[in-house]
Amino acid sequence: MEIINEVNISFLSKSSNESYARVAVASFFTQLDPTVDEITDIKTAVSEAVTNCIVHAYRNTVGKIYITARILDGQYVYIKIRDKGCGISDIKRAMEPMYTTAQEEERAGLGFAVMQTFMDKVRVTSQPYKGTTVTMFKKIRSRNQNA
């Protein structure tokens, strides 16, 4: 697919930056004239992916989170969220609902399940001690296309 537009951002893995990431990525995609529900889906998926980086990848330390957001031909949204943290040794297990490696009891282990619910496709790659990349796709059904 051809890239129509692209933005790259990076920031420290601090909780205070999660809302920035969510809003920045969603704002970039407003040029596609998405519905409120589509923007909410994107914001939720980005929030979950960034929170995973903060909580799991960089436990008790601060690292960088990298986001590439692209608009692809055909009204497709591409979002890649990457860290250089501890990595995931068993991706299949990590993607199971309710599975978490977090020590805090308030973690439900639903991050990947939520991403899969709100995006059309989610792909996760990871290497222990090298980091994790989450790539998500969603087709935007622009309100202008229905007019």
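**Entry 1: the buried side of α1**

In the predicted model, the buried residues of α1 are E18, A21, V25, A26, F28 and F29. I noted that they lie on the same side of α1, because they cover an arc of only 155° around the axis; the arc is taken from the directions from the helix axis to the C-beta atoms. An α-helix has 3.6 residues a turn, so residues three or four places apart point the same way.

I then checked the span of α1. Helix α1 holds 12 residues, 18-29, and should span 16 Å at 1.5 Å a residue; its end C-alpha atoms are 17 Å apart, which agrees. The expected span is 1.5 Å times one less than the number of residues.

**Entry 2: the partners of α1**

I recorded that the buried residues of α1 pack against β1 (3-12), α2 (36-57), β2 (64-72) and β3 (76-83). For contact I used heavy atoms within 4.5 Å. Between the two helices, E18, A21, R22, V25, A26 and F29 of α1 meet residues of α2 including I39, V46, V50 and I54. The axes of α1 and α2 are 9 Å apart and the helices pack at an angle of about 145°. Axes are lines fitted to C-alpha atoms, for helices over the stretch in contact, and angles run from 0 to 180 degrees between N-to-C directions.

I found T35 in the loop between α1 and α2. T35 has a relative accessible area of 25% and is therefore partly exposed.

**Entry 3: cysteines**

I searched the whole structure for disulfides and found 0; a disulfide is a pair of cysteine sulfur atoms within 2.5 Å. C53 is buried because its relative accessibility is 4%. C86, at 30%, counts as partly exposed.

**Entry 4: the whole chain**

I counted 4 helices and 5 strands in the protein chain. These are DSSP runs, numbered from the N terminus: helices are H or I of at least four residues, and strands are E of at least two. Of its 147 residues, 46% count as buried.

**Entry 5: conventions**

I number residues from 1 along each chain as its sequence is written, and side-chain values use heavy atoms, with hydrogens and water left out. Local features need pLDDT of at least 70, side-chain atom pairs count only at pLDDT 80 or more, and totals for chains, interfaces and linings use all residues.

Notes: Buried < 20%, exposed > 50% of the residue type's maximum accessible area, 1.4 Å probe, protein only.
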